[in-house]
Amino acid sequence: MEKAVAERSVLLKNMLEDVGDSDDSPIPLPNVTAAILKKVLEYCEHHKTDPLPNPEEDKDNAPIRRGDDIEEWDAQFIKVDNEILFEIILAANYLDIKGLLDLGCKTVANMIKGKKAQEIRDMFNIENDFTPEEEEQIRRENEWAADA
């Protein structure tokens, strides 16, 4: 793998710096399956010439990101089933690939935008473990959010 591709991941970049350029030893990634790593590397290969995010960037002055500003290639890349999508998000978080993590989170945000709680539960197979009384209490406590 090209160094520019590996360096899209802060974790891999740091590991490569630790072992040096001469070491060809494999890098263990216990939290990422081979299939998901292949998908992650496809993303990194496509974005290898993009500027790397600056970790020191002032978050208060960072540009506001929108959920609908996803590039065409990225939109096609992330069109996967929900299980793969969440595995990609977990891998991007573990490998510290900010652009891919942002893409995955934007995708999920766009999926749930405008949906009711039950629709979201159905979409992601989430069991509702609230009693009707607990649900009503939460609605009363958060009435302000429904008005927004």
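**Close-up views of charged side chains**

**View 1. D102 and K98 share helix α6 (residues 98–112), where they sit four residues apart, about one turn of the helix.** Helices here are DSSP runs of H or I, at least four residues, and strands are runs of E, at least two, numbered from the N terminus. The two side chains meet in a salt bridge at 3.0 Å, N to O. A salt bridge is a side-chain nitrogen of Lys or Arg within 4 Å of a carboxyl oxygen of Asp or Glu. D102 counts as partly exposed because its relative accessibility is 24%. K98 is partly exposed too, with a relative accessible area of 33%. Buried means under 20% relative accessible area, exposed over 50%, and partly exposed in between (1.4 Å probe, protein chains only). This is a predicted model: local features need pLDDT of at least 70, side-chain atom pairs count only at pLDDT 80 or more, and totals for chains, interfaces and linings use all residues. Residues are numbered from 1 along each chain as its sequence is written, and side-chain values use heavy atoms, leaving out hydrogens and water.

**View 2. E45 and K48 form a salt bridge.** The N to O distance is 2.8 Å. E45 is partly exposed because its relative accessibility is 37%. K48 is also partly exposed, at 26%.

View 3. Salt bridges that share partners link E135, E136, R139 and R140 into one network. Between E136 and R140, the closest N and O atoms are 3.9 Å apart. E136 is partly exposed at 36% relative accessibility. R140 has a relative accessible area of 49%, so R140 is partly exposed as well.

**View 4. E127, D129, E133 and E134 form a negative surface patch.** Patches are made of residues with over 30% relative accessible area and no salt bridge; like charges are joined within 9 Å, and nonpolar side chains (Val, Leu, Ile, Met, Phe, Trp, Tyr) within 5 Å. Asp and Glu count as negative, Lys and Arg as positive; His and the chain ends are not counted. Each charge is placed at NZ of Lys, CZ of Arg, CG of Asp or CD of Glu. E134 belongs to helix α8 (residues 132–141). E134 is partly exposed because its relative accessibility is 35%.

View 5. The structure holds five salt bridges. Buried residues make up 22% of the 148 residues.

Note on methods: Accessible areas come from the Shrake-Rupley method with a 1.4 Å probe; for residues, only the protein chains shown count as cover.
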